[in-house]
Amino acid sequence: MNVSKQEEKQTEQDDAMGNSREITTNQTGLNEHLDEVVLKHLAHKFRKPYRQHTVEAFEQMQAIVAADPRPIIFDSCCGVGESTAKIAQLHPDCLVFGMDKSADRLDRNEQHRHAHKVDGQVYHLFQVDLNDLWRLAVDAGWQLHKHYILYPNPWPKAKHLQRRWHGAAVFPSIIALGGELELRSNWPLYLQEFQRALELAKVGSELQTYTAAEATTPFERKYWASGQTSWQLLATL
């Protein structure tokens, strides 16, 4: 979504005050082109060239994995990395990577990138293009223990279906990475579409509301303060 910096700042101020707006869409249900788009992507390999900064980040990640044999967890779209730290605390027996496309969001983490510690548990943050990173991990034969995608950009306009992860050409790579997949959103239609995309790929899933004593991400905290409901999609890939 193309918004000015002033509009983006106002949105952040509204969110901070617990005034996050409900997501609105011009769809009346699942996107009418969903099945067609997903089946096309499942049938054809995504061959877009990799971006160099993501290749370099993945090489660093490979070096970390080579030195640490623990099961791998991805926290994709991690924002400032708050969720990554909490996931690392929750899974001390795993190697946790947080990844986001925005250097600005990652720079808000006080320690920024690589080898952060929370309660003695190390986790790693990287700026990457997930369209490339997920494919590089698949090409390298990685299999995840768990994959979190928490509150991805919803792209609610019908014409932006292919910007949603389930409508994107990289969707088959999410499946190929395996592991336990957990998505959360405050827009249930996003997860309903994702569930349908998984069904087309012959993968079962469970969709339900999500509550917890403490929020995992800044967005989750803001949505709850605004009285919005979180939804959770779980699947074993």
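Begin by selecting Lys202, which counts as exposed at 76% relative accessibility (exposed means over 50% relative accessible area, buried under 20%, and partly exposed in between, with a 1.4 Å probe and protein chains only). Before going further, note that this is a predicted model, in which local features need pLDDT of at least 70 and side-chain atom pairs count only at pLDDT 80 or more, while totals for chains, interfaces and linings use all residues. Residues are numbered from 1 along each chain as its sequence is written, and side-chain values use heavy atoms, with hydrogens and water left out.

Lys202 lies in the loop between helix H8 (188-200) and strand E7 (206-210); helices (H or I, at least four residues) and strands (E, at least two) are DSSP runs, numbered from the N terminus. The phi of Lys202 is positive, about 65°, although the residue is not a glycine. Most residues other than glycine have a negative phi.

Next, select Cys77, in the loop between strand E1 (72-76) and helix H4 (82-90), where phi is again positive, near 60°. If a disulfide is taken as a pair of cysteine sulfur atoms within 2.5 Å, the count comes to zero. Cys77 is in no disulfide, and its nearest cysteine sulfur, that of Cys78, is 8.3 Å away. Cys78 counts as buried, at 6% relative accessibility.

Finally, select Ala235 in strand E8 (residues 230-236), a buried residue with a relative accessible area of 7%. Leaving aside residues up to four places away in sequence, Ala235 touches several residues, among them Leu181, Leu198 and Val203, where contact means heavy atoms within 4.5 Å.
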